[in-house]
Amino acid sequence: MRTHYLTLALAAPIATLQAVAATSNGNQPTASKDKPNVILIYADDLGYGDLECYGAKNVQTPHINRLAQEGIRFTDAHAVAATSTPSRYSLLTGEYAWRKPGTDVAAGNAGMIISPGQFTLADMFKSVGYATGAIGKWHLGLGEKTGEQDWNAPLSSTPADLGFDYHYIMAATADRVPCVFIEDSQIANYDPSAPIEVSYRQNFPGEPTGKDNPELLYNLKPSHGHDMSIVNGISRIGYMKGGGKALWKDENIADSITTHAIQFIESHKDEPFFLYFATNDVHVPRFPHDRFRGKNPMGLRGDAIAQFDWSVGELLNTLDRLGLTENTLVILSSDNGPVVDDGYADEAEERLNGHRPSGPWRGNKYSAFEGGTAVPAIVRWPARIQSGKESEALISQIDWMVSLGKLIGAQLPKKSAPDSWNRLSTLLGDDETDRPWIMEYSSNHVLSVRSGKWKYIDPSDGPAMIPWGPKIETGNLSTPQLYLLEENVYEQENVAEKYPAKVFELQKIARRVRISSIHHENK
């Protein structure tokens with residue numbers, strides 16, 4: 001029996017259900033005449049144990065609780081990778097990130113990683129008449145070449161080239177420059193009196209840094225790294241000059257992206273739309289708005305989780321107000337597992353007070369252990385999905401592209417989404433069959449395989465702990481690792497020597513997937 005923190009009480013269905021005939025054998029439901037709107041809420045560094053409906057301590061998430069009570073809460077869902085950029089690449093392309101060079105955690109001035117020639121999740125929705133928008137964190141590069149962007153002119157190669165009709169995005173993460181929003185390929189609120197320059201190699205003459213000018217860090221100080229250019233009293237990764245009125249204030253990021261998401265929904269309320277809403281809150285630097293500050297016993301990290309919950313609530317309230325709730329499919333998940341001290345002195349480690357960000361899993365963001373990729377996943381669609389469900393099915397975000405394509409009746413070009421399988425019936429809660437196996441990818445490129453209750457980790461000679469920060473296990477070991485999760489959910493006992501046949505079986509899967517895509521009969 002798997003260990004789970006909380007079983008939600010079944011809520012009464014809020015709509016008359018239409019039976020869905022989908023099965024794992026490929027008999028998928030035909031898309032309705034009025035296609036559902038789709039909102040994908042993609043949190044950043046939100047752990048399996050960080051939400052109240054997953055058993056979180058010391059934090060309240062009422063809006064996400066509502067989402068779970070009115071839909072399906074998955075208890076064995078996984079991002080593809082234990083870090084941001086490869087997970088996002090895989091989600092938006094249906095291709096494992098390790099198949100393409102340059103998909104490690106991207107710098108803020110990285111060139112666009114997804115090629116405009118690739119067929120993306122947004123292209124898929126657009127091909128069947130959806131309005132498409134990307135709002136929030138991007139972290140997949142912009143422009144044609146790394147370090148050669150002209151931030152003071154329209155950018156070449158943006159989400160507009162990947163099927164998104166509209167975008168209002170952060171180039172990378174809040175702890176990386178440039179600290180400005182990009183709206184439809186240009187810097188939002190551009191200030192011509194303060195032209196922007198960005199470098200990840202050297203500082204600009206006369207510009208202060210966190211390392212040399214700690215007295216200017218009036219909002220947050222670094223705990224390790226993050227000591228380069230200073231914006232809004234917080235030092236970052238990378239060097240930046242200029243920006244002026246276009247520079248963001250960290251405490252306003254959630255308000256800004258949420259406002260733009262609401263405006264996008266309002267603008268497209270009379271047509272089917274797909275919204276990719278990628279938040280920043282739980283990622284460092286954690287500096288939420290004053291409305292949330294000081295309200296949580298875990299300090300800034302807890303306040304940031306509450307702020308994320310508020311953003312979710314604002315979107316749900318907008319759907320209610322516009323009469324769109326019934327036929328809008330909302331998916332909420334995270335790009336990887338949690339991390340506590342990730343470079344800023346925000347007391348996140350010291351103030352956990354019994355809270356376990358990874359829930360029952362071992363490891364965190366970056367790790368090959370389950371805590372690196374095990375994430376919350378909640379799916380709500382009142383017109384089709386029974387409320388108050390919990391699913392133990394093993395699922396991976398790699399399959400969401402083809403699954404959603406089946407739902408909306410999209411035809412994908414040959415060779416697109418090569419690693420994505422049709423698991424729509426599982427996503428809609430009609431089938432709780434595990435995916436036969438899923439792949440996981442750590443920050444130092446170690447592949448793992450989950451199959452049922454088994455977890456296999458490829459051998460690696462890397463360090464046992466990440467070298468750039470404290471208390472984060474990599475999951476590296478020079479010999480194969482095999483864990484029986486049903487008996488030992490914390491991955492403490494390596495049983496590889498006891499079950500050599502199972503090691504061989506899962507090694508074979510890892511080897512075959514690494515070399516090429518393995519197609520599924522339900523593709």
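**Exercise 1: Salt bridges**

The structure holds 33 salt bridges, a salt bridge being a side-chain nitrogen of Lys or Arg within 4 Å of a carboxyl oxygen of Asp or Glu. This is a predicted model, in which local features need pLDDT of at least 70 and side-chain atom pairs count only at pLDDT 80 or more, while totals for chains, interfaces and linings use all residues. Residues are numbered from 1 along each chain as its sequence is written, and side-chain values use heavy atoms, with hydrogens and water left out.

Task. State with which residue Lys 137 forms a salt bridge, and where the two partners lie.

Solution. Step 1: the partner of Lys 137 is Asp 44, and the closest N and O atoms are 2.6 Å apart. Step 2: Lys 137 belongs to strand S3 (residues 131-137), whereas Asp 44 is in the loop between strand S1 (37-43) and helix H1 (62-69); the pair therefore ties together parts that are 93 residues apart in sequence. Helices (H or I, at least four residues) and strands (E, at least two) are DSSP runs, numbered from the N terminus.

**Exercise 2: Two helix pairs**

Task. Determine how helix H4 packs against helix H5, and then how H1 packs against H5.

Solution. Step 1: two packed helices are described by the angle between their axes and the distance between the axes. Axes are lines fitted to C-alpha atoms, for helices over the stretch in contact, and angles run from 0 to 180 degrees between N-to-C directions.

Step 1: H4 (residues 253-267) and H5 (residues 300-322) pack at about 20°, and their axes are 10 Å apart. H4 and H5 are therefore roughly parallel to each other; angles under 35 degrees count as roughly parallel, over 145 as roughly antiparallel, 65 to 115 as roughly perpendicular and the rest as oblique.

Step 2: for H1 and H5, the angle is about 55° and the axes are 7 Å apart. H1 and H5 are therefore oblique to each other. On the H1 side, the contact (heavy atoms within 4.5 Å) is made by Pro 62, His 63, Ile 64, Arg 66 and Leu 67. The residues of H5 in this contact include Phe 308, Trp 310 and Leu 316.

**Exercise 3: Backbone details**

Solution. Step 1: the bond from Val 177 to Pro 178 is cis, with omega near 5°, and Pro 178 is in the loop between strand S4 (166-170) and strand S5 (181-183). Step 2: the bond from Val 284 to Pro 285 is cis, with omega near -10°, and Pro 285 lies in the loop between strand S11 (273-278) and H5.
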